[in-house]
Amino acid sequence: MNLRRVVVTGLGAITPIGNNVSEYWDNLLKGVSGAGLITLFDASKFKTQFACEVKGYNPEEFFDHKEARKLDRYVQFAMVVAKEAIENSAIQLDSIDLDRAGVIFASGIGGIMSYERDIADFLQNPDMPRFNPFFITRMIANMAAGHISMQYSFRGPNFGVVSACASSTHAISLACDQIRLGRADIMITGGAEAPISTSGIGGFNAMRALSTRNDEYQTASRPLSGSRDGFVLGEGAGCLILEDYDHAIKRGAHIYAEVAGVAASADAYHMTATHPDGLGAMLVMRNALKDAGLTVDDIDYINIHGTSTPNGDPSEIKAIQGVFGESAKKLNISSTKSMTGHLMGATGAIEAIASILSIVHNEVPPTINHKEDDVDPNIDYSLNYTFNVSQKRLVRAAMSNTFGFGGHNATIIFKKFEG
């Protein structure tokens, strides 16, 4: 089968370090930390009292009051980034076949804030079981895709994806395949998450997954450092417009990069822990390279999953060395979660954007919060982790890794566009 080429023609982002793509990229290169004390609820009684919140977001700038009440925060974020990406792509909606335009959008958790709020209201008066009529539609994880398709009348393939922290990379991969296989010409894809809530923080605290460095919250996300003690929860969304190459060329679209290869695998090992030898991670990276028709020497940058957890970081580095061998020393590697925190189901989308922009600008964003003497004996520091300062270099192709609870692994490779 002759697969169609897929290119990226639009980007949108709302993150803890920038409420649009330009701000996000600028602050990535500057090494800005998005961490701060939690303002979305009173976290004073929790072991973790900080997170990476979106700053200065006002829903009334994007939605009227009545509409905003129908949408959970995660869906609002999804709608905001879809609008930016559509405008960025310069798609004229009246000039494309809307039956061949689709939406695949991810969320790992969905409307947890709405769920909490409505259950709390019920528990205050359990003898009168009244629920908000939008309780279900604000909560379920597919509604971002549904609302985006309704907003733009995209009638092609449409569904949500849930695979924990790998969700939006899976969404982008599946959207890519819809175009490759000729089922669509344009796809809106990405992921959104708004998990910073009492149950979000409380649940991850109970798992001992979060950093508890309340006195050093701005530097608490420190991937690959010896003193790391867990991830920092984040929120936000990222959106990509994927398009058939011929369709994009015909309409004169600006092309950021080409989707070279995608892959998925499973650790088949543990509910939350990655395989200690990185077996699933090695498999997904090898399969992505094979799908892309590239070798290890073609990759210049890996945006690693790099959550700042004690077990996860070393296993991913071990996997990279297992796949790339000596070529691993030629790579730039970085974890942008050191700045954004971990956006769960949205993390793959915003990290795909970082990977694409590294190709466009030939610059790799850093892994911040590392001190030279803060080392882990289980990590090989002969590799280039792009610590603390961004680095200029030719980036021909970039790989983005995301791994989720349940052993879900997803990798996507972007490459420079060549007509």
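What is the volume of the second largest pocket?

Analyst: The second largest pocket has a volume of about 200 Å³. Its lining is made up of 15 residues, and L71, D72, R73, Q76 and R117 sit closest to the centre. Helix 2 (65-70), helix 3 (73-89) and helix 4 (112-124) each give two or more residues to this lining. Sorted by class, the lining holds seven charged, five nonpolar and three polar residues.

Keep in mind that this is a predicted model, where local features need pLDDT of at least 70, side-chain atom pairs need 80 or more, and totals for chains, interfaces and linings use all residues. Numbering starts from 1 along each chain as its sequence is written, and side-chain values use heavy atoms, with hydrogens and water left out.

A few terms: a pocket is an open set of points on a 1 Å grid over the protein atoms alone, where a 1.4 Å probe fits, with protein on both sides within 12 Å along at least five of seven lines; lining residues have an atom within 4 Å of a point. Volume is the space filled by probe spheres set on the points, which are joined across faces, edges and corners. Helices are DSSP runs (H or I, at least four residues), and strands are too (E, at least two), numbered from the N terminus. Ala, Val, Leu, Ile, Met, Phe, Trp, Tyr, Cys and Pro are nonpolar; Asp, Glu, Lys and Arg are charged; the others, Gly among them, are polar.

And the largest pocket? It has about 450 Å³ of space. There, 26 residues form the lining, with T272, A273, T274, T309 and F405 nearest the centre.
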